[in-house]
Amino acid sequence: MQNPIRWLSRHKFEAHLSAFILMTLTPVALYFAAQSDALGWIWGLLAVVILANIWVIFVR
Amino acid sequence: MTLILAFIPIALILFLMVGLRWGAARAGGAGYLSALVIAAIFFGAGPRLLAFAHMRALLLTVDVLMIIWAAFLLFRVADEAGAIETIGKALPHLTADRGMQSLIIGWVFASFLQGVGGFGVPVAVIAPILVGLGFTPLAAVLLPSIGHGWAVTFGSLGSSFQALMAATGLSGEQLAPLSALFLSISGLLVGLMVAHAAEGWSAVRRLLGPVVALGVGMGVVQFFVAISGLWNIAAFSAALVGLVIAFPLARGFRGEQADNGDFDLRALAVALSGYAILIVIILCVQLIPVVKNFLGQVVITVNFPEVGTSHGFVTPAGPGRTIPLFRHTGMVLAYSSILAYFVYRWAGLYESGAPGRIISGTVRRVISSSVSIASMVTMAVIMEDSGMTDALARGLAQGIRGAFPLAAPWIGALGAFMTGSNTNSNVVFGALQLRTAQLLGYSAALILAAQTAGAALSSVMAPTKVVVGASTAGMAGREGEVMRKLLVYTVLLVLLISLLTILGAWLGVQGFPRITALV
């Protein structure tokens, strides 16, 4: 686990950029999924935002 | 129980940032996750509610980030051209008097840099200048740290104020007057504190005249510019007027050195031209109806249906944050940045490869804060839509009741200290303060002015800012010394805001006459 965290710390900018893109693009898809009551899509897309936030926590 | 659960995301951010010294991005991610889990499990927030909350949060995030990105772009355009360095070098030529230097550079110029840049720039730029002038490293960090706090809310071209509007849904017309009044009054005290931090009580007595002249001049300008709707240039305009006032004042305090040498007036004029362009463009967009209407044609708006939790908390249907794309302050800043770039290029101030350095410098600098704002805004909206903010507000209202005006600035201060920024504090606590004010029957404008003023004045001692300042003055590892000194000044300033808020509540202030009906 140590090495991936070190790798993330060395690539902080790229890690933050990718997380930011996921955090900002996914809500648009979430909005349309919610409008059509596609629960499966909503859970899947929420998982993407959750993962992006978990990803950020590991970037020291 | 619900009160404790609702407080967990905020407490977690506080613990992670202050206790474990995590950065805002990491803590924001953790806060978001905790809010999501608690909202879903304990507050009955279903997937549809959470999905719409994410989209609502995205609009607020874009609204705030457009300004932050473009403000820093303009700063980078000027900095890459050497404009900031030119302005910084010109100022010590005005006077050799140590006290006046501390006022002009540590207070007025720090406020100017906060007005146009922010993000820790005032301390990072000024501390090395002051060290070069012979100030101790501690004073070099302390002076600009104290000096720029009053300009934070309307600084960074209004990003913190924009965040307050976004988080509460209230307009600039409602929020600006009292916020500007509180900060302008505190600005005068800030000037006295800068003099005190530089040379003690003797400097306060000796420089009382210049402090009053500069403080009143800058405060009045910030107030009137903010209430006239130009809140995004309120701190910047105030500091610019402060610099103008400082010229004649410095003549009376030239110090022992009779001849302070010449400085290149043309270079100074060119350096300031980028910001002159900004003023002209903002005035054109705000005051010329044809331009205003033309740029306001494209509006991003998203309608949301009514959603509710399984516990019965309902968020009514309605549009989210509306963004007038080409008239947005962020776009106005972008136009100014492009024009300023061409002016500086025409003046031959750029070396080859400057555009690439400007863009990459901007993106690299803002991406971390963009992530933290995205996480924290989403956390705040989830808390709001799931009823967590309402539960917190009800608990707060029952717990402190009449003492709320006293506590409101300290809540803002706590938010700024823990998140490192006035903007984040407004995002995290804005809706909570608004809801509590409504429950207790206090003026929303008054309480939110206390929130943002408390946050602005205490943001200067956030660990993240202190670390940046200390490192640029060669004090890395001695941040504790800076924080101990800053603590006294900050507590006094937030106390002043508490007293003003209590006074406002006692007088029954609802806002200013022309906005009373809206509050």
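How many residues of chain B are in contact with chain A, and how many of chain A with chain B? The points below take up this matter and then each chain in turn.

1. Basis of the model. The structure is a predicted model, in which local features need pLDDT of at least 70 and side-chain atom pairs count only at pLDDT 80 or more, while totals for chains, interfaces and linings use all residues. Residues are numbered from 1 along each chain as its sequence is written, and chains are lettered from A and ligands numbered from 1 in the order in which they are written.

2. The interface. On the chain B side 25 residues are in contact with 24 residues of chain A (contact: C-beta atoms, placed from the backbone, within 7 Å). Helix 2 (24-42), helix 3 (47-80) and helix 16 (354-385) of chain B each contribute at least two residues to the side that touches chain A. Helix 3 of chain B gives the most, with 10 residues. Here helices (H or I, at least four residues) and strands (E, at least two) are DSSP runs numbered from the N terminus. By class, this side of chain B has 16 nonpolar, 6 polar and 3 charged residues; Ala, Val, Leu, Ile, Met, Phe, Trp, Tyr, Cys and Pro count as nonpolar, Asp, Glu, Lys and Arg as charged, and the others, Gly among them, as polar.

3. Chain A overall. Chain A has 3 helices and 0 strands, in the order α-α-α along the sequence. Its radius of gyration is 14 Å, well over the 10 Å that the globule rule gives for 60 residues, so chain A is more spread out than a compact globule (radius taken over C-alpha atoms; rule: 2.2 Å times the number of residues to the power 0.38). The C-alpha trace of chain A spans about 40 × 20 × 10 Å along its principal axes. Of the 60 residues of chain A, 32% count as buried; a residue is buried if 20 or more other C-beta atoms, placed from the backbone, lie within 10 Å of its own, exposed if 12 or fewer, and partly exposed in between.

4. A:Asp37. This residue lies in the loop between helix 2 (12-35) and helix 3 (39-57) of chain A. Although A:Asp37 is not a glycine, its phi is positive, at about 55°. Most residues other than glycine have a negative phi. A:Asp37 counts as exposed, because it has 10 C-beta neighbours inside 10 Å.

5. Chain B overall. Chain B has 22 helices and 6 strands. The C-alpha atoms of chain B fill a box of roughly 75 × 50 × 45 Å along the principal axes. Of the 519 residues of chain B, 60% count as buried. Among contacts in chain B between residues at least 6 apart in sequence, 81% join residues at least 24 apart.

6. Helix 20 and B:Thr501. Helix 20 (residues 444-459) of chain B is largely enclosed by the rest of the structure, because 16 of its 16 residues are buried. B:Thr501 belongs to helix 22 (residues 479-507) of chain B and is buried, with 28 other C-beta atoms within 10 Å. Leaving aside neighbours within four places in sequence, B:Thr501 is in contact with B:Pro405, B:Ala408, B:Pro409, B:Leu446 and B:Ala450. B:Phe182 is 319 residues from B:Thr501 in sequence, yet their C-alpha atoms are 8.6 Å apart.

Technical notes: Contact = placed C-beta atoms within 7 Å.
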